[in-house]
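User: Could you walk me through this one? I'm new to it and would like to begin with a pair of helices.

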Amino acid sequence: MATEWARVEPERLAGALAGRRVDESLLAWLESSVERLPGLANTSPQECADLLGAAMRVTINLLDSARYDEPTGRRLRTVLAQAAQSAAWLHFDQGRHASAQRHWRTALHSAHSADARDLGAGVLSDLAYSATWLGHPGEAVEILSLARTRTHHATARSLLDVRRARALAVLQDDAGTARALNDAEHQLERGSAQSAPPWVSWMSSADLAVDAGRCWLDLEDPRRATAALEEGLSLLVPERERTRAIMLTYRAHAALADHDVAAAVADTRTALDTALGTGASRCLDLVRGTLRESLEPHKGEPAVRDLRSYAHQRLAPVAT
């Protein structure tokens, strides 16, 4: 990004990095670039990571070296928080959890410094999601309780509520999960009439449905889980392939819980192909776990044997 901008307007970037005042057009370009970059994560994750890293370095250098007034400083810190938050998700998807945590901490500190309360709450919700994914749902509930008091936008509150539902479902709190999902749906409806902040603009009814499906699966209600996941898959936009791979894997788990091995095999096969297309380790690990553990009791069935053989062939190049 720095190279691209220097080629277009070398004086503005070089001047700011040399200690001159941050130009408004430079700042606006940096803001719009960082808002657009997460869209590359689905198709070009490595290029997206490289560009986010460049955006973070440029922004940090501007904060350290350039001259700017207080409002400009807040905007720069917001840019840094957004870039770090997006980078954290890329690292999380690749299973690089320590690096993801470092980026989320950078994002949280920058959002706090910028007094960007909704953005800070969103980073806290990411940390909570990570905690639930890694087996610490109690910690996630505590984080989300704090974050809920710091956000103003309805769509942001919807995201916090649905992630609270996920954590409560793992803790086997049926009533708490249902309340959190209802809260999430109500807030999402309210948020649709507003312009959501860029960091949560992706939040949709499809995301609510997939998380509801996972909740009902954790609460051992596979038919309700399947219904929610099917709704989510029907609503999901085509470019959300990582989410699709996860949804399909969850639906395979629901099918197994409902004793439908054929449906589980079909969804796992499609989830595998989709996950390979994304290159996201988090998605691939979820499919591998399904093949290795969830389908193990059915390993003698021909469809499961065929699936495992197919998966071995498809995953062999990834392993090497």
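**Helices H4 and H5**

Analyst: This is a predicted model, and in it the axes of helix H4 (residues 45–65) and helix H5 (residues 70–93) come within 9 Å and cross at roughly 155°.

User: Which way does H4 run relative to H5, roughly parallel or roughly antiparallel?

Analyst: Angles over 145 degrees count as roughly antiparallel, so with a crossing of roughly 155° H4 is roughly antiparallel to H5. The crossing of H4 and H5 is also left-handed.

User: And which residues make the contact?

Analyst: On the H4 side the contact is made by Pro45, Cys48, Ala49, Leu52, Met56, Thr59, Ile60, Leu62 and Leu63, and on the H5 side by residues including Gly73, Leu76, Arg77, Leu80, Ala83 and Leu90.

User: How does that contact split by class?

Analyst: The contact of H4 with H5 has 15 nonpolar residues, together with three polar and one charged.

User: OK, zooming out: how many helices and strands does the chain have?

Analyst: The chain has 16 helices and zero strands.

User: What is its radius of gyration, and what would a compact globule have?

Analyst: The chain has a radius of gyration of 21 Å, which agrees with the value near 20 Å that a compact globule of 320 residues would have. Along the principal axes, the C-alpha atoms fill a box of roughly 70 × 45 × 30 Å.

User: How much of the chain is buried?

Analyst: Buried residues account for 53% of the 320 residues. As for contacts between residues at least 6 apart in sequence, 63% of them join residues at least 24 apart.

Conventions. Residues numbered from 1 in each chain as written. Predicted model: local features only at pLDDT ≥ 70, side-chain atom pairs only at ≥ 80, totals over all residues. Heavy atoms only, no water. Axes fitted to C-alpha atoms, helices over the stretch in contact; angles between N-to-C directions. Helix = DSSP H or I, 4+ residues; strand = E, 2+ residues; numbered from the N terminus. Parallel < 35°, antiparallel > 145°, perpendicular 65-115°, else oblique. Left-handed = near helix turned anticlockwise from the far one by under 90°. Contact = heavy atoms within 4.5 Å. Nonpolar A, V, L, I, M, F, W, Y, C, P; charged D, E, K, R; others polar. Rg over C-alpha atoms; globule rule 2.2 N^0.38 Å. Buried < 20%, exposed > 50% of the residue type's maximum accessible area, 1.4 Å probe, protein only.
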